[in-house]
Amino acid sequence: MQTPILFGSIGSDLSQMAQDTMVRFGVDWSHFIAQCISFGIVAFLLQRYAYRPILAVLEERKKRIQESLDNSEQIKQELATAQSKAHEIMVQAGQEASKLIEEARAAAAKVQEQETQKAIATAQSIVEKARQATQAEHARMLTELRREVGRLVVATTAKVTGKVLTMDDQKRLAEETNRELAA
């Protein structure tokens, strides 16, 4: 109960103080009312032409800031989506690259195998030709050796027997020598 009494005494003290101030300084009611009207007009003009436009501008800025924040959130989401898509594309590109590399390796192995087979076939062909050439050379040399041995036998027989052999004797002796060498 003391709270209302306390406020009541403060209110009466302020009222008394206001009356004492008016008596001491003297209040000119006509000027006081004119000042109140001037203050009211200024307050009305400020409210209408200053505070409302300023509040409207502040409200507009507040809306723009909110829109910017909303846009930034949208941009963050789009960026995250774009990064996700970029990552997916990179993974897919990596997989395709790996696949292409494997295909290239397989193709290279196949080409290498084909070239190896060609090289082996060429080498075998060269070896076969060399073998045939060697056999032909061997046969030719054997033939020459037989002729030379036959000639030497005829010449040696002629020297040993001391007689001059006729052409028929020389042929017959060379043929016998060749037969024995062939066997």
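A nonpolar surface patch of about 1,000 Å² is made by M22, V27, W29, F32, I33, I37, I41, F44, L45 and Y49. A patch of this kind is built from residues with over 30% relative accessible area and no salt bridge, nonpolar side chains (Val, Leu, Ile, Met, Phe, Trp, Tyr) being joined within 5 Å and like charges within 9 Å. The areas come from the Shrake-Rupley method with a 1.4 Å probe, and for residues only the protein chains shown count as cover. Helix α2 gives the most to this patch, with eight residues, and F44 is found in that helix.

The model is a predicted one, in which local features need pLDDT of at least 70 and side-chain atom pairs count only at pLDDT 80 or more, while totals for chains, interfaces and linings use all residues. Residues are numbered from 1 along each chain as its sequence is written, and side-chain values use heavy atoms, with hydrogens and water left out.

**Overall form**

The protein has three helices and zero strands, and its elements follow the pattern α-α-α when read along the sequence. Helices (H or I, at least four residues) and strands (E, at least two) are taken as DSSP runs and numbered from the N terminus. Helix α2 covers residues 29–161. The C-alpha trace spans about 190 × 45 × 25 Å along its principal axes. The radius of gyration of the protein is 66 Å, whereas a compact globule of 183 residues would have one near 16 Å; the value is taken over C-alpha atoms, and the globule rule is 2.2 Å times the number of residues to the power 0.38.

Buried residues make up 3% of the 183 residues, where buried means under 20% relative accessible area, exposed means over 50%, and partly exposed lies in between (1.4 Å probe, protein chains only). The protein exposes about 16,200 Å², of which carbon and sulfur atoms supply 62%.

**Distances along and across the chain**

Pairs of C-alpha atoms give a further view of the form. L69, found in helix α2, is 99 residues from D168 in sequence and 128 Å from D168 in space, C-alpha to C-alpha. A104, also placed in helix α2, is 42 residues from K62 in sequence, and the C-alpha atoms of A104 and K62 are 62 Å apart. R151 lies in helix α2 as well, and the C-alpha atoms of R151 and A174 are separated by 6.9 Å, although the two residues are 23 apart along the chain. L69 counts as partly exposed because its relative accessibility is 46%; A104 is likewise partly exposed, with a relative accessible area of 46%, and R151 is partly exposed at 47% relative accessibility.

**Charges and salt bridges**

The protein has 24 positive and 24 negative side chains, and the centres of the two sets lie 8 Å apart. Lys and Arg count as positive and Asp and Glu as negative, while His and the chain ends are not counted; each charge is placed at NZ of Lys, CZ of Arg, CG of Asp or CD of Glu.

Side chains of opposite charge can pair when their charged atoms come close. A search of the whole structure finds seven salt bridges, a salt bridge being a side-chain nitrogen of Lys or Arg within 4 Å of a carboxyl oxygen of Asp or Glu. The table lists some of them.

| Acidic residue | Basic residue | Closest N and O atoms |
| E128 | R131 | 2.6 Å |
| E137 | R140 | 2.2 Å |
| E144 | R140 | 2.3 Å |

E144 and R140 both lie in helix α2, four residues apart, which is about one turn of the helix. Salt bridges that share partners join E137, R140 and E144 into one network. E137 and R140 are separated by about one helical turn because they are three residues apart in helix α2.

E128 counts as partly exposed at 33% relative accessibility, and R131 counts as partly exposed at 42%.
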